[in-house]
Amino acid sequence: MTIAPALLTDRPSDYIREHIRTVPDWPAPGVQFRDITPLLQNPRVFRVLIDQFVHRYFDTRPDVIAGLDARGFIIGSVLAYELNVGFVPIRKKGKLPFTTVEETYELEYGSATVEVHTDAVKPGDRVLLIDDLIATGGTMMAGKRLLERLGATVIEGAAIVDLPELGGSDKLRDAGLPLFTLVDFSGH
């Protein structure tokens, strides 16, 4: 059996990084889009990815994992299953069928709104908030605010990728949210 070189370095983050595809000029010219779908397509890479989060949260197990629409659903639901805790989707406005609370946040090109069901978490629940990447931090900050409005405590924000030059991770940390990311890509 051949093992990928990055696994031999004992650095799972390097192995994960090798499987993130960069798509130049998408969705707009000058943007270097970090595509995580290759991580999901390869079962070995997907296992290494999920295991990094499982090991991180196994002992400090949250009560609930909240995933941000939409790629946070993929990682968050698998992690919730592995940790044997509940999963809560935080969706784009108009996608949830029950009573919701919403939070609007600013983007570089306008604004967006996310929602969560009013019964998604209970006061005092310890929640891990997860997404695929942190760019400007707006989506994760909106998710944090929603969960806190329902009385939960967001114990940490987690993502596969951090894009530190876009300032989101600093913004989130300045707002008091501890962060855990596996890979960072400097530059756009």
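**Exercise 1.** Find the strand that gives the largest share of the lining of the largest pocket.

*Solution.* Start with β7, which supplies four residues of that lining, the largest share. Strands here are DSSP runs of E, at least two residues, and helices are runs of H or I, at least four, numbered from the N terminus. Next, look at β2 (32–35), β5 (100–107), β6 (110–117) and α6 (138–149), which, like β7 (126–134), each supply at least two lining residues.

A quick housekeeping note: this is a predicted model, where local features need pLDDT of at least 70, side-chain atom pairs count only at pLDDT 80 or more, and totals for chains, interfaces and linings use all residues. Residues are numbered from 1 along each chain as its sequence is written, and side-chain values use heavy atoms, with hydrogens and water left out.

**Exercise 2.** Work out whether S169 is buried or exposed, and list its contacts beyond four places in sequence.

*Solution.* Then check its relative accessible area: at 3%, S169 is buried (under 20%; exposed is over 50%, partly exposed in between, with a 1.4 Å probe and protein chains only). Finally, leave aside neighbours within four places in sequence, and S169 touches I134, A135, D162, P164 and L179 (contact means heavy atoms within 4.5 Å).

**Exercise 3.** Pick out the buried residues of α4.

*Solution.* Helix α4 covers residues 43–57. Going along α4, you'll find V45, V48, L49, I50, F53, V54 and Y57 buried.

How values were computed
The expected span of a helix is 1.5 Å times one less than its number of residues.
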